[in-house]
Amino acid sequence: MEQEKIEILSLLPEQLAAEIKAMGEPAFRAKQIFRWLHVRRVFDFAEMTDISKQFQSKLRERFYINPPKITQKLASTLDDTVKYLCTLSDGNCVETVRMVYHHGVTACISTQVGCKMGCKFCASAPLGFVRNLTPAEMLGQIYAADAGFPEEERISGVVLMGIGEPLDNYENVMQFLRLLSCSEGRNLSLRHVALSTCGVVPQILRLSQEALPLTLSVSLHASDDGTRSSLMPVNRKYPISELLEACRQYFEKTGRRVTFEYAVIAGKNDSDSAAAALGRLLRPVFSGQRPHVNLIPVNPVADTGFSAGSAVQFQKKLERQGINATVRRTLGADIAAACGQLRRNQMHSPAEEGEQH
Ligand code: SF4
């Protein structure tokens, strides 16, 4: 039976070395190939000029290289945000956004094709789940969004907030993070990475065991179970009390406070009593250290009739409750930078929605 080909861009240096050794080649070959792939970003064995033609054809028999290709690009005229539709080797599409901040350039990447979580405010949810992305497909989004930019404008931060629930693709996301931070390759510190979850409690606890220096960001969006369950079905399985207990344990284990995302929806979650309830819930989570909430001006969601509440007003209410709150800057408003919209349009769906993890 023919041996299944391996996606070479998903392999760590030591894994590639083991494969190359098994092919009877010296260890330095693996280093050469890893460098071609991850430093020079050459994705065709034929262009690896210090590898013999004979070995190139052996490599082609054993491995494949299929990074995502940018098939659509929308550049904001309001700021430097660029949104990419990346097409994968099987024809599926995901979105990647490149955002320029004063402290550097951040990529927002997708971790799955579609999503199972069904959040009501999300553009991806109605299209359902298709499949997990591989580590190479996540890393490939960063390489695609880096292409054509000089070294000093390359991506220096990554947020896993695009399409998909990262903790529902746990193993591949972990392998991606190892690849992203490995010194022989992209060498990006995990301190500059934020992973956003809708609140998959067992996986938050599992992640706490990895003791990674990344920022864990939890989409909360409500201060009571009734409201949260109506927005996010995941809450029926893992209610707020369990979620915050997992956040507490995460902090205890890693020493890193979890940040909370909160989309402010008029008349739904922006009242004085919602702010007071949030204060009571969050103040005890990090042993007296002030919790931090990112307020997101909600995107219009046609099917549900949600409309934006005042994030600035809610910020004041939260600060009176002893909660640090910031209002997330809206980038690329003219190109629908909220994830899921471009892919959704590509899939010929009529509705105009916005996703906010
Ligand atoms: S908001 Fe995030 S977790 Fe929720 S359905 Fe959309 S992609 Fe999934």
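Author: What follows is a quick tour, starting with the whole chain and then going residue by residue. This is a predicted model, where local features need pLDDT of at least 70, side-chain atom pairs count only at pLDDT 80 or more, and totals for chains, interfaces and linings use all residues. Residues are numbered from 1 along each chain as its sequence is written, and side-chain values use heavy atoms, with hydrogens and water left out.

Reader: What is the average pLDDT of the chain?

Author: The average is 90, and 90% of the residues score at least 70. pLDDT is the predictor's confidence in each residue, from 0 to 100.

Reader: Where does pLDDT stay under 50?

Author: Over residues 348–355. The model has 34 contacts for that stretch beyond four places in sequence. Contact means heavy atoms within 4.5 Å.

Reader: How many helices and strands?

Author: The chain has 12 helices and 14 strands. These are DSSP runs, numbered from the N terminus: helices are H or I with at least four residues, strands are E with at least two.

Reader: How much of the chain is buried?

Author: Of the 357 residues, 57% are buried. Buried means under 20% relative accessible area, exposed over 50%, and partly exposed in between (1.4 Å probe, protein chains only).

Reader: What share of contacts joins residues at least 24 apart?

Author: 68%, among contacts between residues at least 6 apart in sequence.

Reader: Helices next. How do H6 and H9 pack?

Author: H6 (residues 201–210) and H9 (residues 240–254) pack at an angle of about 5°, with axes 9 Å apart. Axes are lines fitted to C-alpha atoms, for helices over the stretch in contact, and angles run from 0 to 180 degrees between N-to-C directions. H6 and H9 are therefore roughly parallel to each other. Angles under 35 degrees count as roughly parallel, over 145 as roughly antiparallel, 65 to 115 as roughly perpendicular and the rest as oblique.

Reader: Which residues make that contact?

Author: From H6, they include Ile204, Leu205 and Ser208. From H9, they include Leu243, Ala246 and Gln249. The residues of this contact divide into seven nonpolar, four polar and two charged. Ala, Val, Leu, Ile, Met, Phe, Trp, Tyr, Cys and Pro count as nonpolar; Asp, Glu, Lys and Arg as charged; the others, Gly among them, as polar.

Reader: Is Leu205 buried, exposed or partly exposed?

Author: Leu205 is partly exposed, at 28% relative accessibility. Leaving out residues up to four places away in sequence, Leu205 touches Ala246 and Gln249. Its C-alpha is 9.9 Å from that of Leu243, 38 residues apart along the chain.

Reader: Now loops. What sits between H6 and E11?

Author: Ala211 and Pro213 are both found there. Ala211 is exposed, at 51% relative accessibility. Its phi is near 50°, a positive value in a residue other than glycine. Pro213 is partly exposed, at 25% relative accessible area. Beyond four places in sequence, Pro213 is in contact with Leu190, Arg191 and Arg256.

Reader: What is the phi of His221?

Author: Near 65°, again positive in a residue other than glycine. His221 lies in the loop between E11 and helix H7 (225–231). At 1% relative accessibility, His221 is buried.

Reader: Strands, then. Where is Gln112?

Author: In strand E7, residues 112–114. Gln112 is buried, at 0% relative accessibility. Beyond four places in sequence, its contacts include Val94, Phe129, Glu165 and Asp168. The C-alpha atoms of Gln112 and Phe129 are separated by 7.8 Å.

Reader: And what does Thr106 touch?

Author: Not counting residues up to four places away, Thr106 touches Val97, Arg98, Met99, Tyr101, Gly157, Val158 and Val159. Thr106 is in strand E6 (residues 104–108). Thr106 is buried, with a relative accessible area of 10%.
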